[in-house]
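Let's take a walk through a protein together, one stop at a time. Have a look at the picture first, then read on.

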Amino acid sequence: MIYIGGGLFHLSLFVVIILGAPHMLVWKSLIGLGWPTLPLPVVDWMAAVGIIAMVILLINRRIHPVLKLISGPAEFFAWLFVFLPMITGYMMTHHIGGSYEALYARHMITVDVLMIWIPLSRISHFVFYFFSRAIHGQEFGKRGVAV
């Protein structure tokens, strides 16, 4: 369950952040590059899948005996700080819970909190993944470990 939920969560996050038109426009304004995006219903469906996957992963973390033992406040804060931008973005897209401006402000505040939290947490793996893989590969190569 954790592999399917984790895979669906990561896939949905990629689809929404990279292949969703509103986010692509943000990227275009920041880096000057644009690319083709997926239709809104596809991105919307993937966002819902990601939200559901996150809830399932949280439930699994709370009931799985080993995950329960190794989970502390940092893991639950990380979950919350990733979940809030996803749910507020979904609410903004569907105009649930207030005016567009208020929903947009909530979404941006939760994204800002996430951006502050990332370097302080384990979820920095999305930034450092390729660096850590290269370092591990180099270390294993020095020790003569056969792959």
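Y104 is partly exposed, because its relative accessible area is 41%, and that value falls between the 20% below which a residue counts as buried and the 50% above which it counts as exposed. Y100 is partly exposed too, with a relative accessible area of 41%. Keep in mind that you're looking at a predicted model. Y100 and Y104 sit four residues apart in helix α6, so about one helical turn separates them.

Now let's zoom out for a moment. How many helices and strands does the protein have? The count is seven helices and zero strands, so if you read along the sequence you get the pattern α-α-α-α-α-α-α, with helices defined here as DSSP runs of at least four residues. Of the 147 residues, 29% count as buried. The protein exposes about 10,100 Å², and carbon and sulfur atoms supply 76% of that. How about contacts along the chain? If you take those between residues at least 6 apart in sequence, 56% join residues at least 24 apart.

Back to the rings. A search of the whole structure turns up five aromatic pairs. In one of them, the rings of F81 and W117 have their centres 5.1 Å apart and their planes at 70 degrees, so this pair is edge-to-face.

Is F83 buried or exposed? It's buried, because its relative accessible area is 13%, under the 20% cut-off. Leaving out residues up to four places away in sequence, F83 touches I51, M54 and V55.

Next, hop over to helix α6, residues 100-117, and look for H107. H107 counts as buried because its relative accessible area is 9%. Which residues does H107 contact, if you skip its neighbours within four places in sequence? They are H23, P85, T88, G89 and M92. With P85 there's a polar detail to spot: a polar atom of the H107 side chain lies 3.1 Å from the backbone oxygen of P85.

Last stop, the surface. I17, V26, W27, L30, I31 and L33 form a nonpolar patch there, and together they have about 560 Å² of accessible area. Which helix gives the largest share of the patch? That's helix α2, residues 21-31, with four residues. L33, another member of the patch, lies in the loop between α2 and α3. L33 is exposed because its relative accessible area is 53%, which is over the 50% cut-off.

Conventions:
Residues numbered from 1 in each chain as written. Predicted model: local features only at pLDDT ≥ 70, side-chain atom pairs only at ≥ 80, totals over all residues. Heavy atoms only, no water. Helix = DSSP H or I, 4+ residues; strand = E, 2+ residues; numbered from the N terminus. Buried < 20%, exposed > 50% of the residue type's maximum accessible area, 1.4 Å probe, protein only. Polar contact = N/O pair within 3.5 Å; in protein donor to acceptor, adjacent residues only side chain to side chain. Contact = heavy atoms within 4.5 Å. Areas by Shrake-Rupley, 256 points an atom, 1.4 Å probe, with all protein chains shown as cover. Patch = residues over 30% accessible without salt bridge, like charges linked within 9 Å, V, L, I, M, F, W, Y side chains within 5 Å. Salt bridge = Lys/Arg side-chain N within 4 Å of Asp/Glu carboxyl O. Phe/Tyr/Trp six-rings, centres within 6.5 Å; stacked < 30°, edge-to-face > 60°.
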